[in-house]
Amino acid sequence: MKKHNVTENLIITGRRRIIKEGEFSKNENLRSVEMPDSVSIIRENAFWHCVNLETVKLSSKLKTIGPFAFFECYKLKAITLPEGLESIGDSAFFKCLDLEEVVIPKSVKTIDEFAFGMCQNLMRILIPKGASVSENAFREGTQCKIEYY
């Protein structure tokens with residue numbers, strides 16, 4: 001597995017479909033990420049422990065956010081999940097301490113265990129009525145208001 005250490009602003013180029021497992025993990029310099037619309041899968045631990053990551057522009061074609069993908073991205077303030085996203089893996093956004101609000105698109109079918117656990121500043125989350133949500137998806141320190149639409 002090749003791991004990239006990049007500077008503050010990462011713009012992923014090309015026609016790649018997958019962000020590989022652990023590819024950008026533990027990169028303390030990383031502050032923002034922008035990915036091309038060709039990306040459909042973010043694998044496990046892809047941005048794990050990027051403690052200074054604040055903003056991410058996800059691909060509009062994204063289908064899967066893997067387990068622990070943004071685990072311990074403490075400073076991540078906002079994330080816009082694209083329509084077409086189908087699954088949010090186990091602990092995908094666990095300990096994203098600065099995350100305040102999330103809107104889950106209607107296309108999401110599953111939200112796994114602790115997907116948004118320990119997101120202490122998460123105040124509001126909107127979830128489509130048909131989504132399969134793990135009973136522990138928002139546990140461990142998250143005190144948010146969950147609204148279904």
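Select isoleucine 41 in this predicted model, and then look across to β6, where threonine 64 is the bridge partner of isoleucine 41. Widening the selection to residues 41-42, which are strand β4, and residues 64-65, which are strand β6, shows the two strands pairing in the parallel sense over two bridges.

Next, bring in the rest of the sheet, in which six strands run in the order β2-β4-β6-β8-β10-β12 with parallel pairing, and which is open. At its edges are β2 (18-19) and β12 (132-133), each of which pairs on one side only.

Now move to the aromatic rings, of which the structure holds eight pairs. Select phenylalanine 47 and phenylalanine 70, whose rings are stacked at 5.2 Å centre to centre, with 5° between the planes. Because phenylalanine 47 lies in the loop between β4 and β5 (55-57) and phenylalanine 70 in the loop between β6 and β7 (78-79), the pair ties together parts that are 23 residues apart in sequence. Both of these residues, phenylalanine 47 and phenylalanine 70, are buried.

Then select phenylalanine 116 and phenylalanine 138, whose ring centres are 5.7 Å apart and whose planes are at 15°, so this pair is stacked. Phenylalanine 116 is buried, as is phenylalanine 138.

Around phenylalanine 47, leaving aside neighbours within four places in sequence, the contacts include Leu10, Ile19, Phe24, Ile42 and Cys73.

Notes:
Residues numbered from 1 in each chain as written. Predicted model: local features only at pLDDT ≥ 70, side-chain atom pairs only at ≥ 80, totals over all residues. Heavy atoms only, no water. Contact = heavy atoms within 4.5 Å. Pairing = 2+ DSSP bridges. Helix = DSSP H or I, 4+ residues; strand = E, 2+ residues; numbered from the N terminus. Phe/Tyr/Trp six-rings, centres within 6.5 Å; stacked < 30°, edge-to-face > 60°. Buried < 20%, exposed > 50% of the residue type's maximum accessible area, 1.4 Å probe, protein only.
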